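Thanks for sending this one over. Here are my notes, in numbered points, to read alongside the model.

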Amino acid sequence: MENFLRDPAPEEASKLVLSAYAEKTLCVKIPYDPDSVIFSALLTKYFNGEVAVTFSSDCQLTLNKGDIGNSVAYRGVEVFVGSSAFSSLLPLTVEDLVPILAGIFSDVLLRRRKLSDWEQRILNNAENLGVIREKGLKIPAYREVPLFLSLFYSLDPFVPDISGNPVNALKLVKELNGNEFTKLSDLDESKLNTLLFRLVSSLVKVNPKATREDVIDDRYFYNNYDSLELGMSVLYVMDTQGSPILFDAVMNTSLFWTFVEWLRGLLSRGFNVQVSEEGNRYVVDSNLSPILAYIVLRQAGKAKDRRPVYLRRGEKFVSSRFFLNSPEEGLIYDDKD
Amino acid sequence: MENFLRDPAPEEASKLVLSAYAEKTLCVKIPYDPDSVIFSALLTKYFNGEVAVTFSSDCQLTLNKGDIGNSVAYRGVEVFVGSSAFSSLLPLTVEDLVPILAGIFSDVLLRRRKLSDWEQRILNNAENLGVIREKGLKIPAYREVPLFLSLFYSLDPFVPDISGNPVNALKLVKELNGNEFTKLSDLDESKLNTLLFRLVSSLVKVNPKATREDVIDDRYFYNNYDSLELGMSVLYVMDTQGSPILFDAVMNTSLFWTFVEWLRGLLSRGFNVQVSEEGNRYVVDSNLSPILAYIVLRQAGKAKDRRPVYLRRGEKFVSSRFFLNSPEEGLIYDDKD
Amino acid sequence: MLSKELKDEKPERIAEQQVEDLQLIFKRLSMKYSDKIHDEELKVYSELADSLFEVRLAKVLEGHSLGDSFDSWEEEILSKLREFYVSFVMGHYPVRNGKVLCRVVKELYFSGTVLKPGDLIFMEVKKAVGLLLSGVVEPCSLFKKTRRE
Amino acid sequence: MLSKELKDEKPERIAEQQVEDLQLIFKRLSMKYSDKIHDEELKVYSELADSLFEVRLAKVLEGHSLGDSFDSWEEEILSKLREFYVSFVMGHYPVRNGKVLCRVVKELYFSGTVLKPGDLIFMEVKKAVGLLLSGVVEPCSLFKKTRRE
Amino acid sequence: MFSIKYKALRRLARTYRRKVIIHDELRSLDLGLEEVKLVKGNDPDLPSWLIDILEPEGIIGATPITIDEIARYLYQEKQNSSIPASLVQISNDFYFRANHLLRELSKAGNNITQLESLKKASQMLDELKRTRGRKIVQLASLNVSDQSLINKMTTEEYLVYRELRNIINTFVGDISGNS
Amino acid sequence: MFSIKYKALRRLARTYRRKVIIHDELRSLDLGLEEVKLVKGNDPDLPSWLIDILEPEGIIGATPITIDEIARYLYQEKQNSSIPASLVQISNDFYFRANHLLRELSKAGNNITQLESLKKASQMLDELKRTRGRKIVQLASLNVSDQSLINKMTTEEYLVYRELRNIINTFVGDISGNS
């Protein structure tokens, strides 16, 4: 199978994937990330026979994620899909909308990328199913929770002194004449501009190139879900609990809401992220999970290589399968320490 | 692994095999014949862990039987053993004497060969364990059963008109002034010579080169067992019942006597062997088993290639795993007919 | 569910959907709460599930059928176990020291190799039973075919 | 043997050797004879073996131990079945339509590939139970670790 | 099989519902299978296991059985102790609640009066069970299957009755079976 | 559990041994577990299943139970039908042999006399079982464990007795158990 640079053909890839339904049993080789797990769980959900998901062995159906983009290979035919998440290749239905959003947006966050043209198209279709799109602030769940909580919960962008710090977040809202209950939609044009200015000036401290573009984007909502928060929550859950629970959520989609609640539960206790040491790994002082810490590091231009991210837990160090080649899932303690 | 023509080194092979006992689990690849099955069952009998016996997949320990001789390969080291049966490579004890004799003599019969030097040495040692050697007629169990039955039961040499025909066999004994109860040992020198002459003249009908050498040989006995009859019986049993029962007999050696009884049960009903047709297979009209028919064919210089031997059973044709590459064991009916 | 189960000598039919609904309820509780009351609730229902297992398995052992209930696989497992046990005691299998000779029925990974149908494997009874139940091997029966030609 | 088994509420200890001796006797009879009397004898003892299975399994189900008897593997099988059943009903596993998600524990051949530990496989409950009993896979438990950091 | 069923029944008893009085105004509880609202004045049926948690915390008050109640039933039952059909109707969770009473009394520690009460209650309960047990054995042995009598049994007693009948009928009915 | 054990017991009964008379001089039989020599005059104990095969062929003669024997036991048992301790000793394979008699009688076809006998024997056996059954229920319910009484029971009856006691004791003894 060659792997030349060429035009992405997600539509063709989508058809290729669907042709795998003709198999009696199916084996899928995937990289270890939420998008790929959600893809294979969706495939499994509607497949009659047994399905194996492997992270190492060669298989009939193979998903690749590489530096030049992603590809799908099935029985000798390989199709390049560009940067599009694998979850976006599967049929969009009301039943599977939440998992597909979770797959796409977790990948967007994890790879620090824009939506691909194909994904834009899929999301346009999703609007017919009830998805709401609006230009908005890149802070989580602002339609649902008070502004100070959205700011407090924000990991991407990670706003120094405000993310993870409820006191400072509330202070900022009060400076805009708001209070604990003020929602983003309560701000008028000028206050919104002030807020934007404050956020960008904070971001510049860690990333000198930060602009308004880093805090404003097309934002997608569906029922209670904010796609940004949804993507973040599946990154967190897979990082700490492993892939089976994500697999199960695809089967019973109401579980995704639990994931969002878990993430809020974690974030609401406040958090910090400090890189304290580097070597053959990144060691971070943080009460987040390894992937969430990684996402914050990446914003500061760090952790661009594939050195594993470890969190310091008292005397010990902990990472997860995304960074390590291990059959274990969830948080993995480094026994060597 | 090279496979040059070289001197057999059975002693070295024996050591190589014993070194496999250090493994935690063992996989042995063998050809499908009684000697190899007995070898692997003996290995299993004293091995602590699990043992797999495969007829097709590559393994730690591999037994090869080829035109130039046999070899044993273990973890990249291959040792040539010449024509010696694999069973002769394992430690000789009273407990395992019968299976080892069965392994050696079934192979001698199946390959139509002489005992190798190594096997001769093993059998010399066996005399210390109670094995009796004597120059004698190559007819089965003559120390135990009346002469006419031995003649009647004889498959190698297959004596036309006498093998399988109790009336003619008894007639021959009566010509020597014997009766139903006369044993070979009751014959005096001159009668023995007459008998030899009669047998050789019969043999010449199918094999013009037949001599006294074809009816006289070193003969080995142990308790009730005649090694010739023992070898024939395991060929018959594996041919019709498959390898597991042979495997079990190695674990509980008293079962070998049952095999001898089964063979006698078969032969005592009289038998015939007539090649009626050839093509991409040998078709034989016989009430024996495919391997027993094959042994008779080989004496007439037929079936030298590896075309399968089929027996005609009414409208159908039956062969066995020795001739066919099939996962089934025991008699295998040809479905195409 | 268990209450109905106790009233009758025969097992009730419990549909798959019924159990999947319950599973989802318990799953949600386990994920959402972690307090004294919910821990106790889950313990009470775990014990009921345990008794449901005992009562229904006992009924199967007594010869009743579970029909098309969610746990009907127990019936097949039990009947395979029974057949194995009887054949084992009656000497139908090649055995020695707690190990039994099995024939490979479906490809099986073993010690670096993939064994093929028709290959043999000599292993612990316990493991053999597991692979027998999953349809990967079957014990070699000595008396399947007519014994003598 | 069965007669002793019936006299006591607890299972008797039946040594491996005792059973291997019996196996050899029955094996010899089965191979040697094929007549009305021996067929009947083997049938009578097969039925006794069947009852031995039932009585002992029922005792295990009631919580008794088989100690180091030849069939002590039944105990482990039953306790694994029980654990699976309870966890299954309580929603601890990812399930759908009678299939359950399992984690590969030992290399497993699947559809042309050898799966490695840590891989996942979604399969029929019945087959999963067999592979679970043989130690090749285990169902993915959703609640093994502390639920929240 | 009996021991398995009996254990199951005892476990099942923890889900039996009883009326309680709400002392403390509390929240509503999401039990998954149902939503329980604990509001003063609105005295709900709660499952026993929940009562066992909430009662010691003073949140609710259960209505336990009293020693007098046991004494009354024992007296009624004893009046015709040799007539099986005289079985007195008792509530289905009677034994469960009686055991609860015994547990409460046994928590008293060294309080002499309470220890006396415990001893007395325990003896009466034991005798009540034996008396009813004998009647049930008689009913089973005479193969009586009068529905009105069966309705007077608790679930535990009905299980005992059914198992006994089962055994006796298997034994006697064997006559026509194939040996 | 009872039904499983009872089935086991009935199967086990086929290995019970009885004395027989050899009619026909025969060979010796290799049964694996033993070697049986069938020689005239030497009347051996044989397992029941073997008797069932050899008897119809006229090779041996078994000593079946007679109707009179059943009648005698029934009479003895009835004399004190309401006193549990009056249980009469019967041989361990009594029911097994009695069933054998019934089977023999039922083979008779349309012979009126034999049909009469069958009916009579069947009724008597039924009543004997019921009478003994009632006594055994009483013994179990009174928790009697007198060894001399137990010795008077057949294996089947002892199993019934043990299971009944078990159930009753589980029910009554529950008083001290945890709910």
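1. First, a word on terms: helices (H or I, at least four residues) and strands (E, at least two) are DSSP runs, numbered from the N terminus. By that count, chain E has seven helices and five strands. Reading from the N terminus, the order of elements in chain E is α-β-β-β-β-α-β-α-α-α-α-α.

2. Before going further, please keep in mind that this is a predicted model, where local features need pLDDT of at least 70, side-chain atom pairs count only at pLDDT 80 or more, and totals for chains, interfaces and linings use all residues. Residues are numbered from 1 along each chain as its sequence is written, chains are lettered from A and ligands numbered from 1 in the order written, and side-chain values use heavy atoms, without hydrogens and water.

3. Is chain E compact or spread out? Its radius of gyration is 20 Å, well over the 16 Å that the globule rule gives for 179 residues, so chain E is more spread out than a compact globule. (The radius is taken over C-alpha atoms, and the rule is 2.2 Å times the number of residues to the power 0.38.) Along the principal axes, the C-alpha atoms of chain E fill a box of roughly 65 × 45 × 30 Å.

4. Of the 179 residues in chain E, 50% are buried, meaning under 20% relative accessible area with a 1.4 Å probe, protein chains only. Contacts here are heavy atoms within 4.5 Å. Among those in chain E between residues at least 6 apart in sequence, 65% join residues at least 24 apart.

5. Chain F has an open sheet of three strands in the order E4-E1-E5, with antiparallel pairing. Strands E4 (45-47) and E5 (60-62) of chain F stand at the edges with a single partner strand each, so one side of each lacks a neighbour in the sheet. Strand E1 (residues 17-22) of chain F pairs with E4(F) over three bridges; two strands count as paired if DSSP finds at least two bridges between them. Which residue of E4(F) is the bridge partner of F:Lys19? That partner is F:Asp45.

6. Chain C is divided into domain 1 (2-61) and domain 2 (79-139), with bounds from an automatic or database domain assignment. Their centres, taken over C-alpha atoms, are 33 Å apart.

7. Chains A and B do not touch, and their nearest C-alpha atoms are 19 Å apart. Chains B and E do not touch either, with 36 Å between their nearest C-alpha atoms.
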